[in-house]
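Subject: Handing over the structure

Dear colleague,

I am passing this structure on to you, and I would be glad if you kept it open while you read. My notes on what was found in it follow directly below.

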Amino acid sequence: MNRTALLAFLTFGAACASNDAKPTPSDQGTASAGVVSMAGAQTPPRDTTPVIAASPSAASSTAATTTDSAKVKIPLGIFVKGRSKKDSLALVAAIRAGMKDTRWPVKGPTPLPGSLLPGSRIVAYYGNPLSKKMGILGELPPAEMLAKLERTVQEWQKADPSTRVIPALHFIAVVAQGAPGRDGKYKLRMTDSLVERVYNMARSKNALTFLDIQVGKSTVQEETPRLAHFLKRPDVHFGLDPEFSMKGSEPPGKKIGTMSAADINWVIDYLAKIVSDNKLPPKVLVIHRFTRPMITNYKAIKLDPRVQVVIDMDGWGAPWLKYDSYRDYVAAEPVQFTGFKIFYHNDSKKGDPILTPAEVLLLTPKPVYIQYQ
């Protein structure tokens, strides 16, 4: 990467960080800060066990949700210890919606040998080593970041001892740009040497590597094949970010992008062929989402046993916004598996502690992929 391109890359990241994307009026979900994360203080330690109790005004009707250990009766007027009433009601609404939806769990293909999902849960750190603004992966020095990832994995394992937790680094290998660049495609490809560096960091902790692409005004058909030599490795998986897939005249960062089922199916077919040709275990494909238009025609997304598809709730904000987005844009439009993203800084910028593993695991369906930015 030359000096001019790197400067543009870092400048765009800083601009995204300062402009804090907001929910659109028509989609009351949360908009992610894209590839960047606000710098800020760590949240203080606290009791991580969610306590559900009836408020004095609780109605008599209840909903039952199954945890790993017992059935919990949730009154209509519940509150969760340490959370607002609005947060608690949004959580109950998300739990109930998932329980009532008979499409969960999705009746997909039988998992092939070596499949990671649904028998495991993946916990990933997201970002790019070239920028502290893009997420936790680049915010901290590598050794400190990997040690923190290890502790986070242990927290998730403690919250759900019955499900194996696998660490991962989710690296943005193609980064959307605010300027057109030499090719006019508003994206910047990371060098193979940087991909290799992240991969070796992941391997040092027996972690998976996800290569994520933000195509800008390029296409998945153009950007995916150049990463094929990495995707031939059994521990390398893939991610798509429709937020930065621009179909109109607007550059990335000015409008939320979109990706069609046709684009997603092309990637599924491409990954499936790599799996077959190289006799690999199935790949995991993570697709970010926090508004309805980010993925169009979701019912047409085809499932292939060689590729396990995760729709990741990628919005930031107060807990109630995140629960609403999960309910409306992930659980309400089932594809195969679900994910949930937590922002260390953007989720806590208004004083809310970030959601704990135990709180996220109250959701129905339970996410099997967790991402931290």
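Strand 9 (residues 236-240) pairs with strand 11 in the parallel sense over three bridges, where strands are DSSP runs of E with at least two residues, helices are runs of H or I with at least four residues, and both are numbered from the N terminus. Two strands are said to pair if DSSP finds at least two bridges between them. Within this pairing, Phe238 stands opposite Leu285 of strand 11. Strand 11 also runs parallel to strand 13 (residues 307-313), to which it is joined by seven bridges, and there the bridge partner of Leu285 is Val309.

Before going further, please note that this is a predicted model, in which local features need pLDDT of at least 70 and side-chain atom pairs count only at pLDDT 80 or more, while totals for chains, interfaces and linings use all residues. Residues are numbered from 1 along each chain as its sequence is written, and side-chain values use heavy atoms, with hydrogens and water left out.

How well covered is strand 11 (residues 283-289)? Seven of its seven residues are buried, a word that stands for under 20% relative accessible area, while exposed stands for over 50% and partly exposed for what lies in between (1.4 Å probe, protein chains only). The cover reaches both faces, with Lys283, Leu285, Ile287 and Arg289 buried on one side and Val284, Val286 and His288 buried on the other.

Ile213 counts as buried because its relative accessible area is 1%. Leaving aside residues up to four places away in sequence, Ile213 touches several others, among them Val174, Glu223, Leu227 and Phe238, where a contact means heavy atoms within 4.5 Å. The C-alpha atoms of Ile213 and Leu227 are separated by 9.9 Å, and the two residues are 14 apart along the chain.

Turning to charged side chains, the structure holds 20 salt bridges, each being a side-chain nitrogen of Lys or Arg within 4 Å of a carboxyl oxygen of Asp or Glu. One of them joins Arg189 and Glu223, with 2.8 Å from N to O. This pair links distant parts of the chain, since Arg189 belongs to strand 7 (residues 187-189) and Glu223 to helix 6 (residues 220-223), 34 residues apart. Glu223 is buried, at 0% relative accessibility, whereas Arg189 is partly exposed, at 31%. Both residues also belong to a network of salt bridges that includes Asp183 and Lys187.

Another salt bridge joins Glu150 and Lys205, whose closest N and O atoms are 3.6 Å apart.

For the protein as a whole, the secondary structure comes to 10 helices and 15 strands, and buried residues make up 55% of the 373 residues. Among contacts between residues at least 6 apart in sequence, 76% join residues at least 24 apart.

With best wishes
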